[in-house]
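Have the viewer open as you read.

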Amino acid sequence: MSTIFPIEKIRNIGLTAHIDAGKTTVTERILFYTGKSHKSGEVHDGEAAMDWMVQEQERGITITSAATTTYWKEHRINIIDTPGHVDFTAEVERSLRVLDGTIALFCAVGGVQPQSETVWRQAEKHSVPRLAFINKMDRAGADFQGVVNEIKDELGANAVPIVLPIGAEADFRGIIDLVEMKALYYQENGGLTSIREDEIPAEMRAGAAQARALLIERISEQDEILMEKFVNGEEPDRDDVVRALRKTTIAGSLTPVLCGAAFKNKGIRFLLDAVVNYLPSPDDLPPVIGTLNESDQEIIRHPQDDSPLAALAFKIVADKHMGKLIYLRVYSGVLRAGETYYNSTREIKQRVGRIFEMHANKQLAVEELRAGGVGAVVGLGDTRTGDTICSDAHPIVLESIEFPAPVIGVAVRPESNPDRDRLSKALSRLSDEDPTFIVRTDRETDEVVISGMGELHLEVIIDRLRREFNVNVDSGAPQVAYRETILGAFDHQHKHVKQTGGHGQYAHVKFRIEPGRAGGGFQFENQVRGGRIPREYIPAVERGVVDAMAKGPYAGFPMVDVTYILLDGSFHEVDSSEQAFRTCASAGFREACRKAGMRLLEPIMNIEITAPDEFLGAVSGSVCSKRGRIVSMETKGKTAVISGMVPLSQMFGYSTELRTITSGRADFSMHFEHYEAVPYSLAEEIVADRQDR
């Protein structure tokens, strides 16, 4: 049984950043200094506790968000270490949905990188308060103030340093605490780092005083007590500054900036103090709001143990020994082992078997999870990511978690019949875990096609199939997730009349289709009046259209961004049915799409390439040769950074090509940006190739 902490002493935090900014190393140091682990694991040695998957240890990257619980200065800290690679952005999205605060990590050399910006925007979307930690201050080229300026300019953040580095690069030896106005020196001793407090160096006193004045000014703008002292020229005491900093950080109106070198154990204990002092407890944030399934009535749940239970399933893991582990964030009430609860999303009752406090892939059994807690449970077999678990007597549905659609697919084939059976079970378990991993069977070729967020995502999935599930599979070439849409508006009507021995089938619909806004998905409007089509048949019309959109009439790809307006129709007292209207709507929609004109859409990727400036011409030429367009080019020292937009179909194998043209001295990252129309001549080739299969 774990110790019960008052809710104001709980912190649910995550670490987010671009790949290689040092998230996992920072987490490992936090675990070491809080006594959770006795040895500080290294990513490059494959020994990081939070990178427990074989694929993570081999590649030196985080693939799945790992949760752990640790303790610091009488506070309980639940930590989620998230991936930095864009292919695993769903892990970040689901983690931010349940976190109360986050540490945004930035490399002191790389600054604000593409995925830094993506995860920052994700945190903004979920209104998650942030601390900024500039890591790797000991690396050549480290520039603290430069990164602070980038956070302000590129992310639009009100970033205010609460520390200043003493030295940089190989000379980084400590920090100045601008709240306490003292210097903290780090002294390495046999692999450990001790801290020595001292006076601020004479040559830095003027700069520190100026930085503190800026800090006081910024927080005074949003705190009346401090503003009064600021106006009267009074020096605020430490407690006033900490209180105001906490208030502005939780409000999201200010981002405190810290720095350190996690690999050398510098700045971690100060970071832990900042987590406790400035990031919110569950009680500091607004209560969670949900609805009832049958209405839009809002229900409020306060983060209290004596409130009715409201918990959100944010992650599912297929564990070899435990079966299906469901990660939950408890917003209110208490979840107890052995009790039966209501899954309000799926409207089923399920019994919680066992409850665990997690430490990466290790579990500590506990009897309950209280308000504000994060843990994993066994027994909720039919629960999916985004489902709400609550009290049967007090149902509530919390807002679910939205995930991006996959943009790349690959066909997989089992090597033998036994592999075929194992493949089906394995893919089912993996798709339960990962909402951005989709499995479908191509009806024409009978191939199993798996889709994900990028090549690395699918590589890891296939590797897991072979290692974890002992399934021998062959994989085909990557396939782009094309989409179809209509070119213009079109009015149409369709009758479905079929006479058989018994009751016949009759349905008649008049409708209009219009192009929707980009990214708007499918919109359905019912404008039928006077009961021309009975109300019970209207949902069947919508389902029929959705059926047809799953496989568009142009090339068989899913359709997007269409508005369907049902205008009129007719029915037969005897022969009309839901199925008749569903069939009628589907066939009529396909006809209308052909007559309206169609076009093919392809995923466009935002790409950022970093290379020595001597290769600027070769790299920009390679982007343009792939139907890409350069958005910006800039140089940082002797390094060129090229940003552009390139169709995903042109990017397969680009890492090899880039290494070749830059002698292995460049790297790149990319993420999905939007869909764009494929040039007509190329679209015709894709359609013809699709029809030839």
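Strands β8 and β9 make a hairpin with four residues between them, and Met181 in the turn has a positive phi of about 55°. Strands here are DSSP runs (E, at least two residues) and helices are too (H or I, at least four), numbered from the N terminus. This is a predicted model, where local features need pLDDT of at least 70 and side-chain atom pairs count only at pLDDT 80 or more, while totals for chains, interfaces and linings use all residues. Residues are numbered from 1 along each chain as its sequence is written, and side-chain values use heavy atoms, with hydrogens and water left out.

| Pair | Sense | Bridges | Bridge partners |
|---|---|---|---|
| β7 (residues 163-166) and β8 | antiparallel | four bridges | Leu164 with Ile176 |
| β8 and β9 (residues 182-189) | antiparallel | four bridges | Gly174 with Tyr185 |

Which way do the residues of β8 point? Gly174 and Ile176 go one way, Ile175 and Asp177 the other, and all are buried (under 20% relative accessible area, 1.4 Å probe, protein chains only). In a regular strand, side chains alternate between the two faces of the sheet.

Zooming out, the protein has 16 helices and 37 strands, and buried residues make up 55% of its 693 residues. As for confidence, pLDDT (the predictor's per-residue confidence, from 0 to 100) averages 84, with 89% of the residues at 70 or above.

Conventions: Buried means under 20% relative accessible area, exposed over 50%, partly exposed in between (1.4 Å probe, protein chains only). Two strands pair if DSSP finds at least two bridges between them.
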